[in-house]
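Subject: A structure for you to look at

Hello,

Here is the structure I promised to pass on. Please open it beside this message and follow along as you read.

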Amino acid sequence: MGILAALIIGAIAGWLAGKIVHGAGFGLVGNIVVGIIGALVASYVLPQLHIGLATGTVGAIVDATIGAVIVLVILSLIKRV
């Protein structure tokens, strides 16, 4: 996957995660970073749980969104402490 595709998928995933976890959006650049980190988290966590989702671009967005939601929840828990 090219760097431009990773940025676009990261932006979409971060935006979706910001909508799912209310009040946790970080703007466009922050959402891209959260989406990319979420994709990395999902690429580790989902196979460990034996969860296989769709392949291709849609699957990458879904995986990255799941990972980004996990990252946002963890960040919101850290901010509370």
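Below is what was found in it, element by element.

A word on the basis before we start: this is a predicted model, in which local features need pLDDT of at least 70 and side-chain atom pairs count only at pLDDT 80 or more, while totals for chains, interfaces and linings use all residues. Residues are numbered from 1 along each chain as its sequence is written, and side-chain values use heavy atoms, with hydrogens and water left out.

The helices discussed here are α1 (3-20), α2 (27-48) and α3 (residues 56-80). Helices are DSSP runs (H or I, at least four residues; strands are E, at least two), numbered from the N terminus. An unreviewed UniProt entry places the feature "transmembrane region" at residues 28-46 and 58-78. UniProt positions are given here in the numbering of this model, with shortened feature names, and such annotations may be inferred rather than shown by experiment. In the model, residues 28-46 are 100% helix and 0% strand, with end C-alpha atoms 25 Å apart. Residues 58-78 are likewise 100% helix and 0% strand, and there the end C-alpha atoms lie 30 Å apart.

**The inside**

The largest nonpolar core has seven residues: Ala17, Val21, Val34, Ala68, Val69, Val71 and Leu72. Such a core is a set of buried Ala, Val, Leu, Ile, Met, Phe, Trp, Tyr and Cys residues joined through side-chain atoms within 4.5 Å. Buried means under 20% relative accessible area, exposed over 50%, and partly exposed in between (1.4 Å probe, protein chains only). Helix α3 gives the most to this core, with four residues.

Val34, one of the core residues, touches Phe26, Ala68, Val71 and Leu72, leaving aside residues up to four places away in sequence. A contact here means heavy atoms within 4.5 Å.

Which residues does Gly35 touch? With residues up to four places away again not counted, they are Gly10, Ala13, Gly14, Ala64 and Ala68. Gly35 is found in helix α2 and counts as buried because its relative accessibility is 1%. Gly35 and Leu7 are 28 residues apart in sequence, yet 8.4 Å apart in space, C-alpha to C-alpha.

Gly30 also sits in helix α2, and it counts as buried at 18% relative accessibility.

**The outside**

A nonpolar surface patch of about 960 Å² is made by Ile3, Leu4, Leu7, Ile8, Ile12, Trp15, Leu16, Ile20, Ile36 and Leu40. Patches are made of residues with over 30% relative accessible area and no salt bridge; like charges are joined within 9 Å and nonpolar side chains (Val, Leu, Ile, Met, Phe, Trp, Tyr) within 5 Å. A salt bridge is a side-chain nitrogen of Lys or Arg within 4 Å of a carboxyl oxygen of Asp or Glu. α1 gives the most to the patch, with eight residues. Ile36 belongs to helix α2 and is partly exposed, at 33% relative accessibility.

In helix α3 you will find Leu77, which is partly exposed with a relative accessible area of 46%.

His50 lies in the loop between α2 and α3. His50 has a positive phi of about 60° although it is not a glycine. Most residues other than glycine have a negative phi. His50 is exposed, with a relative accessible area of 74%.

Enjoy exploring!

Technical notes:
Areas by Shrake-Rupley, 256 points an atom, 1.4 Å probe, with all protein chains shown as cover.
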